[in-house]
Amino acid sequence: MKIVCISDTHGKHNLFSLPEGDMILHAGDFSKRGTEDQIRDFLKWFSALDYRHKVFIAGNHDFLVEREPMKFRRMIPENCIYLEDSGVEIEGIRFWGSPITPWFYDWAFNRHRGTEILPHWKKIPLNTQILITHGPPAGVLDQTFRGEKVGCRDLMDKISVVRPQIHLFGHIHEAAGMIEQNGTIFANASVLNLNYEPANEPIVLDW
């Protein structure tokens, strides 16, 4: 199975082309400010993509998803799968997704590090094969342009136990890329740069 991975499109999904594949995964921040119009536009685009499976999570910009969850869930097209501290099995592959990120100026799905964020990571099942979170784990593709490493230590602690084959995320645009570490492929699939311009190609993985 060929899996196409993207993140942080911020409403600019029409400005880049996607490679062929069997599945597309979006790791959140699909809107700019999380308004209803922006989210409807993304969902219309996402549902029309020519992939057999379409899975996505939200990010810290996608305010409507957190503030009006029932309204958002009614908006989701039938051929798209949204994950929020939840999982799904597709063609024998076990996925888990979460939009949660460490606290940053009171954006959507922010949780304080430590006791507040930890319960979200505890929910990740031990048999997870592909993990999708909006933010990175500590020390992996998480360095900002200021040189700060802002990934979540509690998330990395959980990953070291679960050891998923793939961990997909975004959030830190300038750290886009892919590395393999301790048997896990870590993919920061941010497609926009710091200026919110299309700059990075989607990441394609073969399962």
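Thr128 touches Arg94, Phe95, Trp96, Val162, Pro164 and Gln165, leaving out residues up to four places away in sequence. A contact here means heavy atoms within 4.5 Å. This is a predicted model, in which local features need pLDDT of at least 70, side-chain atom pairs count only at pLDDT 80 or more, and totals for chains, interfaces and linings use all residues. Residues are numbered from 1 along each chain as its sequence is written, and side-chain values use heavy atoms, with hydrogens and water left out.

Thr128 sits in the loop between helix 4 (118-122) and strand 9 (130-133). Helices (H or I, at least four residues) and strands (E, at least two) are DSSP runs, numbered from the N terminus. Is Thr128 buried or exposed? Thr128 is buried, with a relative accessible area of 4%. Buried means under 20% relative accessible area, exposed over 50%, and partly exposed in between (1.4 Å probe, protein chains only). A polar atom of the Thr128 side chain lies 2.8 Å from the backbone oxygen of Pro125.

Now the cores. A nonpolar core is a set of buried Ala, Val, Leu, Ile, Met, Phe, Trp, Tyr and Cys residues joined through side-chain atoms within 4.5 Å. The largest one has 43 residues. Phe30, Ile39, Phe46, Phe56, Val65, Phe72 and Tyr82 touch the most other members. Several elements give two or more residues to this core, among them strand 1 (2-6) and helix 5 (153-162). Helix 1 gives the most, with 5 residues. A second, separate core of 19 residues includes Ile3, Met23, Leu83 and Ile203.

Two strands pair if DSSP finds at least two bridges between them. Strand 3 and strand 4 run parallel and are joined by 2 bridges. Val55 has Ile81 in strand 4 as its bridge partner.

Some whole-chain values follow.

| Property of the protein chain | Value |
|---|---|
| Helices and strands | 5 helices and 13 strands |
| Span of the C-alpha trace along its principal axes | about 35 × 35 × 35 Å |
| Residues that count as buried | 53% of 207 residues |
| Share of contacts with a separation of 6 or more that join residues 24 or more positions apart | 62% |

Methods
A polar contact is a pair of N or O atoms within 3.5 Å; within protein, one must be able to donate a hydrogen and the other to accept it, and residues adjacent in sequence count only if both atoms are side-chain atoms.
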